[in-house]
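Visitor: I'm new to this one. Could you walk me through it?

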Amino acid sequence: MKIAHPRTRRPGVSPADALIPMIDVVFLLLVYFLQTHTYNPPESELTPALDVERVAGGIGADYQPLVIEVALFEGRPGFRVGQHVHRDQASLTALLEELPRQGGVFVQGSDALSVSWAAAALQAARDAGFERVTYVPAE
Amino acid sequence: MVDVVFLLIVFFLTTLSLEKLEFLRLDLPQESGEIGPEEVRTPAGIVVNITAAGEIVIEQQTHTLDETIEMIAAEHRRSADRGQPLELLIRPDRSGSLAVVNNLARGLIDRGVSSWRLATDPSAARSASTPGGGS
């Protein structure tokens, strides 16, 4: 015996109209997955950064590391390498380019200055080609 | 109409959560950094924001120095257990005092955190003068 399955369709509802709820559901699912998708915080990805290491010994053990003091000298901020005090980043970079890089460099920042001065010293060391740059808080 | 209202609710919920994920705006040190923005970088595990006033903010929450050090030390231990180095990014406002960064660095050194990254703003570095008036 053949059983006929009558098509149940409300009068006045076209096949195109029947698709609308499905589109709604698909769109809601799309929004749901967009919302629950985990975004990496932009601050962790978009910011170029300077690597800073705290090391002891290692490859620099046979060499005397350079020390850049970032502090107030005669009441003005500057960078001191040995006996020389530099007041700007460009001259510090030029000096560091002339020095041996094997021992690495220590940047020692004073509490009295702002962050930008320490960052300038770190950048100067990197620009001069130092691979091992260590930040040391001032005593 | 119910559909539209529901979609509007979902839309506003979505935009609200995205707003929370927005990073803390800081005036970062105006340096070019080590790597260009087009290169692939390892995402930071912990991002420590330090405002110009010296407040330490992690994931939109303000923490004391001791809390921050303990939090990072705990994450450092977990990373070591997994055999992975801790990716620590410090984002200090460039006009802030170096004392906060120094105190943080001292605490991290005491707890064996040996490396971190200092966030910079390379776009500002191209147009702004560096400390001391150099180029």
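Guide: Happy to. A contact here means heavy atoms within 4.5 Å. Keep in mind that this is a predicted model.

Visitor: Among contacts in chain A between residues at least 6 apart in sequence, what share joins residues at least 24 apart?

Guide: Take the contacts in chain A whose partners sit at least 6 apart in sequence. Of those, the share joining residues at least 24 apart is 70%.

Visitor: Where do the buried residues of helix α2 in chain A lie around its axis?

Guide: Helix α2 covers residues 89–97, and its buried residues are A:Gln89, A:Leu92, A:Thr93 and A:Leu96. Looking down the axis of α2(A), they fall within an arc of 100 degrees, so they line one face of the helix.

Visitor: And why can residues three or four places apart point the same way?

Guide: It comes down to the turn of an α-helix. Residues three or four places apart point the same way because each turn has 3.6 residues.

Visitor: What covers the buried residues of α2(A)?

Guide: Several elements of chain A take part in that cover. Among them are the strands β2 (66–73), β3 (76–81) and β4 (84–86), along with helix α3 (115–127).

Visitor: Which residues form a nonpolar patch on the surface?

Guide: One member, A:Ile23, belongs to helix α1, residues 15–36 of chain A. Together the patch has about 390 Å² of accessible area, and its members are A:Leu19, A:Met22, A:Ile23 and A:Val26.

Terms used. Residues are numbered from 1 along each chain as its sequence is written. Chains are lettered from A and ligands numbered from 1 in the order in which they are written. This is a predicted model: local features need pLDDT of at least 70, side-chain atom pairs count only at pLDDT 80 or more; totals for chains, interfaces and linings use all residues. Side-chain values use heavy atoms; hydrogens and water are left out. Patches are made of residues with over 30% relative accessible area and no salt bridge: like charges are joined within 9 Å, nonpolar side chains (Val, Leu, Ile, Met, Phe, Trp, Tyr) within 5 Å. Accessible areas come from the Shrake-Rupley method with a 1.4 Å probe; for residues, only the protein chains shown count as cover. A salt bridge is a side-chain nitrogen of Lys or Arg within 4 Å of a carboxyl oxygen of Asp or Glu. Helices (H or I, at least four residues) and strands (E, at least two) are DSSP runs, numbered from the N terminus. Buried means under 20% relative accessible area, exposed over 50%, partly exposed in between (1.4 Å probe, protein chains only). The arc is that of the directions from the helix axis to the C-beta atoms.
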